Amino acid sequence: MDDTDVHPLLSAYLERRESLLRYFRVRLRSDEAAEDLVQDIYLKIVDRRVETIDNPVAYLYRLGTNLMLDRIKVRRRAEARDAQWRGAHVSDIGGDQVVDEVPADQATAAKQQLSRVLEAVEAMPPAAREAFRLHKLEGLSHAETAAAMGVSRSSIEKYMMASLKLIVAKVGRWP
């Protein structure tokens, strides 16, 4: 393959790879993170043969910046989720972190109750089971569930009442 076969965007990447590395190394404060990011840029552009980019160099930096910001958002969400979990499940006792765990008997009882709920759900007629899944597990409203199933809202309400009665009969009460 000669230089005329190389897409302008890929050509710009190959010419500017070291500059991209330096640019993102400073922003990410990590050689490894910059390498990964520049590799991701390559993976995003390597098969881009159709589209013409007016300013390939600017495009590469914008693409890299967007990828970097996405990574930062993902990392921050993970850190927040981990901090929230630690706040809910970890106690600090005398400088030592101790994980708060549910007593074994409560965990066993919860597993048994879940098993009974799942048995009740499996015993439901298909339409009621689907309504239950969409409403209770997927979080759709009655109107959204009705639209998804192509039935009336009152049908969904009837399915839900029947489903909950069946679960209460099997489990004793809704968990």
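**Exercises on a predicted helical and stranded chain**

Of the 175 residues in this chain, 25% count as buried. The coordinates are those of a predicted model.

**Exercise 1. State how many helices and strands the chain has, and give their pattern along the sequence.**

Step 1. The count is seven helices and two strands.
Step 2. Read along the sequence, these elements follow the pattern α-α-α-β-β-α-α-α-α.
Step 3. As for contacts between residues at least 6 apart in sequence, 53% join residues at least 24 apart.
Step 4. The accessible surface of the chain is about 12,200 Å², and carbon and sulfur atoms account for 52% of that area.

**Exercise 2. Locate Arg 29 and decide whether this residue is buried or exposed.**

Step 1. Arg 29 sits in the loop between helix 1 (8–28) and helix 2 (31–45).
Step 2. The phi angle of Arg 29 is near 55°, a positive value in a residue other than glycine.
Step 3. The relative accessibility of Arg 29 is 76%. The cut-off for exposed is over 50%, so Arg 29 counts as exposed.

**Exercise 3. Describe the largest nonpolar core and the contacts of Phe 24.**

Step 1. The largest nonpolar core has 19 residues. Those with the most contacts inside this core are Tyr 13, Phe 24, Ile 41, Ile 45 and Leu 60.
Step 2. Helix 1, helix 2 and helix 3 (56–89) are the elements that give two or more residues to this core. Helix 1 supplies the largest share, seven residues.
Step 3. Leaving out residues up to four places away in sequence, Phe 24 touches Arg 29, Ala 34, Leu 37, Val 38, Ile 41, Tyr 61, Gly 64, Thr 65 and Met 68.
Step 4. Another core, of twelve residues, lies apart from the largest one; among its members are Val 117, Met 124, Ala 128 and Phe 132.

**Exercise 4. Classify the packing of helix 5 against helix 7 and list the residues that meet.**

Step 1. Two packed helices are described by the angle and the distance between their axes.
Step 2. The axes of helix 5 (residues 126–137) and helix 7 (residues 153–171) come within 9 Å and cross at roughly 95°.
Step 3. Angles of 65 to 115 degrees count as roughly perpendicular, and helix 5 and helix 7 are therefore roughly perpendicular to each other.
Step 4. From helix 5, Ala 127, Ala 128, Ala 131, Phe 132, His 135 and Lys 136 take part; they meet Ile 156, Tyr 159, Met 160, Ser 163, Leu 164 and Ile 167 of helix 7.
Step 5. By type, the residues of this contact are nine nonpolar, two polar and one charged.

Terms used. Residues numbered from 1 in each chain as written. Predicted model: local features only at pLDDT ≥ 70, side-chain atom pairs only at ≥ 80, totals over all residues. Heavy atoms only, no water. Helix = DSSP H or I, 4+ residues; strand = E, 2+ residues; numbered from the N terminus. Buried < 20%, exposed > 50% of the residue type's maximum accessible area, 1.4 Å probe, protein only. Core = buried A, V, L, I, M, F, W, Y, C linked by side-chain atoms within 4.5 Å. Contact = heavy atoms within 4.5 Å. Areas by Shrake-Rupley, 256 points an atom, 1.4 Å probe, with all protein chains shown as cover. Axes fitted to C-alpha atoms, helices over the stretch in contact; angles between N-to-C directions. Parallel < 35°, antiparallel > 145°, perpendicular 65-115°, else oblique. Nonpolar A, V, L, I, M, F, W, Y, C, P; charged D, E, K, R; others polar.
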